[in-house]
Amino acid sequence: MTVSIEDQAALRPHAENAFADELAALAAQDDRPRPARWRLSPWAVATYLLGGTLPDGTVISPKYVGPRRIVEVAVTTLATDRALLLLGVPGTAKTWVSEHLAAAVSGDSTLLVQGTAGTPEEAIRYGWNYAQLLAHGPSRNALVPSPIMRAMAEGMTARVEELTRIPADVQDTLITILSEKTLPIAELGEEVQAVRGFNLIATANDRDRGVNDLSSALRRRFNTVVLPLPESVEAEVDIVSRRVEQVGRSLELPAVPDGVDEIRRVVTVFRELRDGVTTDGRTKVKSPSGTLSTAEAISVVTNGLALSTHFGDGMLRPSDVAAGILGAVVRDPAADRVVWQEYLEAVVRERDGWKDFYRACREVSA
Amino acid sequence: MSGPLLLGVRHHGPGSARAVRRALEAAGPAAVLVEGPPEADALVELAADDDMRPPVALLAHVVDEPGKSAFWPFAEFSPEWVAIDWALRHGVPVRFIDLPAAHTLAMRARPPRPGRTDPIGALAEVAGYDDPERWWEDVVEHREGEAFTALGEAMAALREAHEAHEAHQAHETQEAHKACETHKACEIQECPGDSVDPDTGWNAVDDHDLVREAYMRLQVRAARREFGDDVAVVCGAWHVPALRRRTTVAADRALLKGLPKAKVDMTWVPWTHRRLARAGGYGAGIESPGWYRHLFEVPDRPVERWLTKVAGLLREEGRIVSSAHVIEAVRLADTLAALRGRPLAGLGETTDAVRAVLCEGSDVPLALIHDRLVVGDVLGEVPEAAPAVPLQRDLSRTQRSLRLKPAALEKELDLDLRGDTDAARSRLLHRLRLLGVHWGEPADSARGSTGTFRETWRLRWEPELSVRVAEAGVWGTTVLGAATARAESDAVAAEALTDVTALAERCLLAGLPDALPTVMRVLADRAALDADVGHLAQALPALVRSLRYGDVRGTDTGALAEVAAGLAERVFVGLPPACAGLDADAATQMRGHVDAVHAAVALLEETGLRERWRTVLRSLAVREGTAGEVRGRCARLLLDEGELADDETARLMGLALSPGTPPAEAAAWIEGFVGGGSGGGLLLVHDERLLALVDGWLMEVSPDAFTDVLPLLRRTFSAYDAGVRRTLGELVRRGPAASGAATALTGIPHGFAEELNPARADAVVPVVRMLLGAGAGAGAGAGVAA
């Protein structure tokens with residue numbers, strides 16, 4: 001459980017604490033039917049995530065900015081007691097959405113299993129308190145339940161982060177839990193049956209899925225929702241510049257007066273390569289093997305800022321970001337280099353006002 | 001019954017269609033009046049024909065101008081179609097009551113289309129729906145009960161609001177005019193009020209609708225005189241209040257006075273779901289005809305049946321979809337509908353459910369489902385008794401004006417494209433070929449002429465070609481329009497890059513400039529996404545050829561040149577990496593690509609490209625890891641271009657043939673450099689230094705390796721003419737050192753005496769005369785290359 005020290009705010013409070021007021025206001029106003037052990041009705045959960053104004057004037061801040069459809073499908077999935085799988089490239093707020101969903105549905109976002117390459121079966125099923133086990137033999141007292149086991153027993157929402165990083169044999173333990181809704185404890189000849197209200201939200205990265213791809217048996221137990229990248233250039237430029245400013249401040253880089261143009265350029269290049277088509281929709285381009293997520297755009301710009309501060313004239317110039325872009329785009333030296341060169345020749349060279357950038361890129365790619 | 005039964009519908013709405021059928025069954029009217037052109041009254045019987053299968057459309061066109069036409073599409077779920085079908089089945093007369101096409105077409109107005117003024121959208125907005133289609137689905141399509149009365153009232157309220165809005169607008173216009181008068185600089189033409197209102201999208205001047213409604217009222221009156229009050233009217237919901245309104249005959253007649261008129265022909269043509277779905281042009285703008293058809297067809301449980309259908313499609317495509325999946329999808333769709341406060345899951349909910357459950361969040365299979373099911377591949381059929389389509393008329397007219405009679409007997413036709421008539425004939429035949437009407441097949445000229453201004457065709461008109469023409473009628477009303485539409489559609493559907501380039505060529509031959517932009521766009525897209533340089537290299541020559549051919553025909557080929565240049569750029573970028581790590585066969589193929597690109601680039605106008613191509617060749621020629629054959633070939637091309645100094649050539653060859661290079665690789669280099677029909681043998685004959693290099697290398701090849709390279713070398717050298725081979729042999733036998741010394745000493749080439757031998761010289765004179773064309777020169781091969 002959370003250990004909270006009185007009078008000392010946590011560095012990052014849990015969603016259900018940070019937004020306790022909004023959740024309470026929603027619960028008070030919510031007169032729609034709620035599934036068993038849900039704190040809110042599905043409609044109120046969707047409102048909590050998407051934001052809105054309640055009849056009494058309480059303003060609910062949007063937690064997720066993106067298509068309404070996605071949140072609706074996610075909430076509905078949980079209401080039909082199907083497990084939910086949130087897919088997306090890194091930096092698309094999968095964890096964020098899963099935390100807020102759990103907070104709104106069950107009022108508790110802490111029943112969490114962090115998936116890693118070393119996640120053992122015990123983290124999903126149960127472990128043993130060996131002192132107890134040796135002293136008193138196997139019993140419920142010696143059992144250390146996993147967050148999922150607790151969620152099953154109490155009818156809560158459990159979360160599994162980075163499902164595809166978990167080894168395949170450990171993933172498979174989820175199958176029984178999700179299909180039979182029961183967790184046998186062979187050592188005691190008992191089982192824990194999930195009570196109504198139990199559900200599971202998993203997140204996974206769909207780009208480098210090679211890690212431990214889900215078996216189709218497991219996949220079948222999930223409804224999948226793909227979280228998309230930001231919809232428009234403006235939205236993405238906004239996210240990137242805001243984030244760059246935050247990062248820059250913590251690194252104590254000076255604010256750059258004229259950086260927005262370069263940021264827009266980086267975002268444009270990333271979007272075009274990612275989408276495989278130029279922003280005017282007239283020319284198709286090949287996509288490289290890398291992800292080119294918003295997070296990477298942020299890192300390219302931050303890098304460029306550091307370069308310009310320490311080695312340049314303090315202004316963000318094309319040459320400062322060119323090397324970073326090249327590094328982000330060309331992950332596979334053979335195939336991606338062709339993609340990048342084609343893009344340079346076919347798109348960048350022709351574009352008005354991009355001459356400096358073209359030259360800078362030619363210099364670093366040569 | 002006190003008056004006509006007014007059934008206001010949404011065009012192509014399956015719920016409306018069902019409601020109409022129920023209302024007709026219940027009322028059993030004496031006549032059915034349908035919104036549509038009255039010229040079609042004579043054709044309506046055909047709708048009951050066994051061979052008539054919707055989707056079909058009524059097509060009206062001006063007699064002398066088939067290009068000027070209008071369509072009234074009907075799907076089996078269209079309320080109008082249901083009404084016609086019911087009437088014909090029950091022997092009840094059907095009348096079309098809309099403004100005659102003769103007027104509509106003469107007024108040059110667009111064909112009457114539902115939703116121009118968007119009443120449904122306004123109602124949906126009032127009801128809090130962002131999407132009018134969804135609102136309609138919830139209120140009408142998903143409802144079993146009677147909606148006509150309520151809908152009519154809603155429409156009446158809307159029309160009042162609309163008219164008030166218009167009055168307001170007129171007022172504002174006056175204000176604006178006043179403002180204009182005060183500001184003299186402002187131009188009157190730019191005053192608001194007589195253009196489309198941007199807020200609502202409503203056309204502020206709806207005279208056309210008023211005229212149509214006046215005509216409908218007159219028709220309804222006439223029908224009531226003929227059949228009594230017991231008639232049913234099926235029309236767009238928007239018109240219901242207008243038909244209910246009491247006006248005088250005189251007032252209606254006054255509105256119709258002085259309408260222009262054109263001579264119009266009418267027929268049935270087959271239609272497709274895709275065309276129903278297309279928003280612009282002749283489409284009805286329904287986004288999901290397949291879904292509507294499903295709603296209309298299924299007896300019950302539409303969502304379950306739909307998702308089962310989707311699962312079936314996905315299984316056909318090899319995705320694993322179990323019944324459990326379908327069950328979960330149905331549950332998700334139903335719960336989503338509940339969350340969104342809808343009475344029944346609609347297309348939006350089922351699509352979301354399919355995406356989350358059946359497609360694992362991916363949009364790729366979803367696109368397939370949209371294409372195959374939501375839109376669907378349904379093609380209508382029309383009985384043979386239907387009057388000829390305008391395409392046929394246009395064809396006959398063109399045939400007459402070009403004096404090209406269709407005849408069953410095969411005949412050969414030689415065309416000289418410099419003449420206008422012949423050029424037009426050629427274009428016609430090419431267009432027909434594009435449309436799948438193979439009246440003429442290109443043939444080899446009997447005269448053996450190969451000039452680009454000549455074409456030979458073999459013509460033969462088979463009876464079934466008329467059927468083909470009728471089928472091609474869906475593409476358009478004139479041969480030109482249909483061929484353009486067909487070419488565009490083919491381009492989008494084409495799979496391989498070369499198909500698209502071939503299509504571009506055909507567009508030029510057929511003189512379809514309007515199709516070119518689409519074809520070029522598709523071509524550019526395909527080229528951008530094709531990762532195989534081989535494909536690009538194959539496509540380039542055809543494109544360059546069309547470019548030059550277009551020049552001959554005086555077509556504007558600017559776009560083509562741009563695409564060709566873009567394609568060339570991509571080849572330049574992609575070629576060097578593609579030439580690395582190739583096996584022998586792939587290298588030979590790649591050499592062919594290099595040759596083809598080289599020839600094509602030489603023909604391109606833009607000289608900057610040639611410069612860049614030389615850079616590519618140069619980098620290929622020296623790049624480690626590039627296949628030997630390709631490297632040799634590049635060196636040779638550069639040499640032929642005069643880009644390599646002699647020393648440089650020798651250096652490259654020396655590098656390629658140095659002992660460090662594996663013998664097989666070196667042999668491949670030689671094949672690339674002097675192999676094939678490129679006159680490489682003569683090069684060796686004349687440049688003894690190169691020959692010496694080859695010779696020297698061959699001497700140093702170890703016995704084992706020699707056996708390995710022998711087949712390749714044999715292939716290279718056996719392709720030479722016997723004479724060249726012999727000379728080479730002699731040169732090698734004499735040894736490079738000796739010949740070099742001899743030439744250096746005397747300045748006289750080997751094989752020549754110091755003085756002229758007149759007798760031997762005379763002996764070759766006849767041959768030289770023949771070569772120079774002074775004698776009977778035809779057929780003398782110009783086998784001597786540079």
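**Some features of chain B**

Modeller: Gladly! Just after H9(B), Gly258(B) has a positive phi of about 70 degrees. Bear in mind that this is a predicted model.

Colleague: Does helix H9 of chain B lie largely in the open or is it buried?

Modeller: Helix H9 of chain B covers residues 249–256, eight residues in total. The number of them that are buried is zero, so H9 lies largely in the open.

Colleague: How are H24(B) and H26(B) oriented to each other?

Modeller: Helix H24 spans residues 584–603 and helix H26 spans residues 628–640, with their axes 8 Å apart and at an angle of about 25 degrees. Angles under 35 degrees count as roughly parallel. The two helices, H24(B) and H26(B), are therefore roughly parallel.

Colleague: Which residues of H26(B) does H24(B) meet?

Modeller: On the H24(B) side are Ala587(B), Thr588(B), Met590(B), Arg591(B), Val594(B) and His598(B). By class, this contact has six nonpolar, two polar and three charged residues. The partners in H26(B) are Glu629(B), Val630(B), Arg633(B), Cys634(B) and Leu637(B).

Colleague: Is Ala87(B) buried or exposed?

Modeller: Ala87(B) sits in helix H2 of chain B, residues 79–89. A residue needs 20 or more C-beta neighbours within 10 Å to be buried. Ala87(B) has 24 inside 10 Å, so the residue counts as buried.

Colleague: What is Ala87(B) in contact with, leaving aside neighbours within four places in sequence?

Modeller: Leu24(B) is 63 residues from Ala87(B) in sequence, and their C-alpha atoms are 8.8 Å apart. Beyond those four places, the contacts of Ala87(B) are Val32(B), Val92(B) and Val94(B).

Conventions
Residues numbered from 1 in each chain as written. Chains lettered and ligands numbered in written order. Predicted model: local features only at pLDDT ≥ 70, side-chain atom pairs only at ≥ 80, totals over all residues. Buried ≥ 20, exposed ≤ 12 C-beta atoms within 10 Å, placed from the backbone. Helix = DSSP H or I, 4+ residues; strand = E, 2+ residues; numbered from the N terminus. Axes fitted to C-alpha atoms, helices over the stretch in contact; angles between N-to-C directions. Parallel < 35°, antiparallel > 145°, perpendicular 65-115°, else oblique. Contact = placed C-beta atoms within 7 Å. Nonpolar A, V, L, I, M, F, W, Y, C, P; charged D, E, K, R; others polar.
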